[in-house]
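Please keep the sequence and the structure at hand while reading.

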Amino acid sequence: MRYSMKTFWLLLAVCMLVPSQCLSAREKKDKGPDDRELWASALYQMAAPVLSRMSEGKLQASMQVELSPSWDGRDKRVTYMECFGRLMCGLAPWLALPDDNTEEGHMRKQLRDWALKSYAQAVDPESPDYLLWRKEGQPLVDAAFLAESLLRGFDALWVPLDSLTKQRYIDEFTRLRRVDPPYTNWLLFSATVECFLRKAGAPSDSYRIVSALRKLEEWYVGDGWYSDGPSFAFDYYNSFVLHPMYVECLEVFTDGGRNRIWNAPACDFARARKRMQRYGILLERFISPEGTFPVFGRSITYRSGVLQPLALLAWRGWLPQELPQGQVRAAMTAVIRNMFGDKRNYNEKGFLTLGFNGKQPGISDSYTNNGSLYLASLAFLPLGLPADSPFWTDEPLDWTSKKAWSGQDFPKDHAW
């Protein structure tokens, strides 16, 4: 195609003013997805096989289940509740965003439609996907993640449910008081379920909440770390459960720190959040220059769920000044790209497979099934921020370890 000189200069002027519009389709493709597109695509890949089936009551009939080689013998139907509850806990903030006409918006709307139908299937006794609520102790754990998902997406995911479905959830959550939680992070599972009931305006058990909060306060060992029970273990349960559920239960029970707990004055929302900020700083420093993190402790098959406190701080606007938003996004994107940039973490039917970064069943704990692994969704909480928020629009920055290992200046670290 030939242009006149006048047309040529006009096109050149337009390209100088709006260069992004002058990229060829090939050039745009070569740039690859931006960070948010990468995150949204990875989370959609994780969620769609679960919710598309469960929305039609077909998850239990079609999920390719994988059990730990050392499976402890519990009813394997716990898999489906673990899968759905844990997935929704990380997915809820993204689905709570308003609809828009973007490609991402269409993906999000589809997932939300599936999710709302799946919530109803989960508590309908006539549904093939009615979950294992009334057997074993494990349902308390994953009811807590389901409750947490409804807290995180209350207006978008709880409010639209029909009255019968809401009452069924209240009934099932209340029945879980049959489970006497062990003296570990399980206390927070009980508290989270009761906090949801409180938020939903249903009768709740304040003793189950306050006794758990008091115990977590007693288990604080310093510098952003809690012990999971009387003895400290160096693992990521501070990420998976302790920090997020402690802070979110305190938020509900104290109305965001505006009220005090008269019989547990040491349980302070602002202080608990500050401890999570300190832990978030440590998590960011764990991320290597290559975008990996140390593999230690039990339940490491939960993969990117390790980053939940960092993700929660970003989503809620609570990142400390030591952690610029563009720096946190760049570090987390590097991890997500390493872990979900290909399909090595999925089995033949599209469900997460036992392992850490690939099929590695031998590292599973005795309680692990591949439904457990959907705690990986918890790294994706910042998708609940609009696309034009600073977390997504700020320039990417090298994270701490990348600066340190490339000879750049970086802030020294010390206990708060």
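## Ser62 and its contacts

Beyond its neighbours within four places in sequence, Ser62 is in contact with Arg53, Lys349 and Phe351. With Arg53 there is also a polar contact, 3.1 Å between the side chains of Ser62 and Arg53. The model is predicted, and these distances are computed from it.

Ser62 belongs to helix H4, which covers residues 59-62. Its relative accessible area is 17%; buried means under 20%, so Ser62 counts as buried.

## The loop between H6 and H7

Pro125 sits in the loop that runs between helix H6 (103-123) and helix H7 (139-152). Its relative accessible area is 47%, which makes Pro125 partly exposed. Once neighbours within four places in sequence are left aside, Pro125 is in contact with Tyr130 and Arg168. Between the C-alpha atoms of Pro125 and Leu307 there are 35 Å, and the two residues are 182 residues apart along the chain.

Glu136 is placed in the loop between H6 and H7. Its phi is near 75 degrees, a positive value in a residue other than glycine. Glu136 is partly exposed, at 28% relative accessibility.

## The loop between the strands

Asp223 lies in the loop between strand S1 (220-222) and strand S2 (225-226). Phi of Asp223 is near 55 degrees, again a positive value in a residue other than glycine. The relative accessibility of Asp223 is 30%, and the residue counts as partly exposed.

## The chain as a whole

The protein chain contains 17 helices and two strands. Its radius of gyration is 22 Å, close to the 22 Å given by the globule rule for 416 residues, so the chain is as compact as a globular protein of that length. Taken along the principal axes, the C-alpha atoms fill a box of roughly 80 × 55 × 45 Å. Of the contacts between residues at least 6 apart in sequence, 75% join residues at least 24 apart.

## Burial, surface and charge

Of the 416 residues in the protein chain, 55% are buried. The accessible surface is about 18300 Å², and carbon and sulfur atoms account for 53% of that surface. The chain carries 50 positive and 49 negative side chains, and the centres of these two sets are 1 Å apart.

Notes: Residues are numbered from 1 along each chain as its sequence is written. This is a predicted model: local features need pLDDT of at least 70, side-chain atom pairs count only at pLDDT 80 or more; totals for chains, interfaces and linings use all residues. Side-chain values use heavy atoms; hydrogens and water are left out. Helices (H or I, at least four residues) and strands (E, at least two) are DSSP runs, numbered from the N terminus. The radius of gyration is taken over C-alpha atoms; the globule rule is 2.2 Å times the number of residues to the power 0.38. Buried means under 20% relative accessible area, exposed over 50%, partly exposed in between (1.4 Å probe, protein chains only). Contact means heavy atoms within 4.5 Å. Accessible areas come from the Shrake-Rupley method with a 1.4 Å probe; for residues, only the protein chains shown count as cover. Lys and Arg count as positive and Asp and Glu as negative; His and the chain ends are not counted. The place of a charge is taken as NZ of Lys, CZ of Arg, CG of Asp or CD of Glu. A polar contact is a pair of N or O atoms within 3.5 Å; within protein, one must be able to donate a hydrogen and the other to accept it, and residues adjacent in sequence count only if both atoms are side-chain atoms.
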